[in-house]
Amino acid sequence: MPRFALAAAGAGLFSAVLYGAVLTGSVGAMFLAYLAQLPLFLIGLWIGASGVAIAGGVALAAITLLGGVFLALLYCVIDVAPALAFTYLMQLNRLREDGKRE
């Protein structure tokens with residue numbers, strides 16, 4: 001198991017808690033749901049797309065247990081997929097004409 005897997009799992013659980021706050025029904029919980037992507041992006045900037053995949057998987061499992069499959073699918077489409085796509089695209093690089101990476 002990679003060394004960063006525990007950090008990624010922790011970020012996934014924290015994201016799931018922020019998103020799961022919607023289940024309380026309070027108005028302030030909607031603000032916390034907007035912040036649910038933050039741990040995913042932070043782990044993505046630190047580790048990369050594989051960290052986001054681990055964190056997203058842990059968060060999806062936790063949200064499925066808390067709120068059901070529909071809420072987990074909504075979380076996957078709204079939060080995990082964009083974070084995974086952006087961190088993957090962030091890691092892409094190419095060679096310039098002079099041989100250096102850009």
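**Entry 1: ground rules**

I take helices (H or I, at least four residues) and strands (E, at least two) as DSSP runs, numbered from the N terminus. The model is predicted, and I read local features only at pLDDT of at least 70 and side-chain atom pairs only at pLDDT 80 or more, while totals for chains, interfaces and linings use all residues. Residues are numbered from 1 along each chain as its sequence is written, and side-chain values use heavy atoms, with hydrogens and water left out.

**Entry 2: the whole chain**

I counted the elements. The protein has 5 helices and 0 strands. From the N terminus on, I read the order as α-α-α-α-α. I then boxed the C-alpha atoms along the principal axes and got roughly 55 × 30 × 20 Å. Next I looked up burial (buried is under 20% relative accessible area, exposed over 50%, partly exposed in between, with a 1.4 Å probe and protein chains only). Of the 102 residues, 33% are buried. I also looked up contacts (heavy atoms within 4.5 Å). Among those with a separation of 6 or more, 64% join residues 24 or more positions apart.

**Entry 3: helix α1**

I listed its buried residues: A5, A8, A9, A11, G12, S15, A16, L18, Y19 and G20. What do they pack against? I found α2 (28-34), α3 (37-46), α4 and α5.

**Entry 4: α4 beside α5**

I turned to α4 (residues 49-67) and α5 (residues 69-91). I used axes as lines fitted to C-alpha atoms, for helices over the stretch in contact, with angles from 0 to 180 degrees between N-to-C directions. The two axes come within 9 Å and cross at roughly 175°. The pair is therefore roughly antiparallel. For that label I went by the angle (under 35 degrees is roughly parallel, over 145 roughly antiparallel, 65 to 115 roughly perpendicular, the rest oblique).

Which residues make the contact? From α4 I noted A49, V52, A53, G56, A59, L60, I63, T64 and G67. From α5 I noted V69, L71, A72, Y75, C76, V80, A83, L84, T87, Y88 and Q91. By class, I get 15 nonpolar, 5 polar and no charged residues. Ala, Val, Leu, Ile, Met, Phe, Trp, Tyr, Cys and Pro count as nonpolar, Asp, Glu, Lys and Arg as charged, the others, Gly among them, as polar.

**Entry 5: the core**

I looked for a nonpolar core (buried Ala, Val, Leu, Ile, Met, Phe, Trp, Tyr and Cys residues joined through side-chain atoms within 4.5 Å). The largest one has 19 residues. Its members that touch the most others are A16, Y19, A36, L40, I43, I63 and Y75. Helices α1, α3, α4 and α5 each supply at least two residues of this core.

I followed I63 further. Leaving aside its neighbours within four places in sequence, I63 is in contact with A16, Y19, G68, L71, A72 and Y75.

**Entry 6: D79**

I found D79 in helix α5. Is D79 buried or exposed? At 5% relative accessibility, D79 counts as buried. I skipped residues up to four places away in sequence and found D79 touching Y19, A36, Q37 and L40.

At 53% relative accessibility, F86 counts as exposed. F86 and C76 are 10 residues apart along the chain, and their C-alpha atoms are separated by 14 Å.

In helix α2, I looked up F31. It counts as exposed, at 55% relative accessibility.

I have M30 as partly exposed, at 43% relative accessibility. From M30 to V80, 50 residues apart along the chain, the C-alpha separation is 17 Å.

Last, I looked past α5, where R101 lies in the segment after that helix. R101 counts as exposed at 57% relative accessibility. Leaving aside neighbours within four places in sequence, R101 is in contact with N93, R94 and L95.
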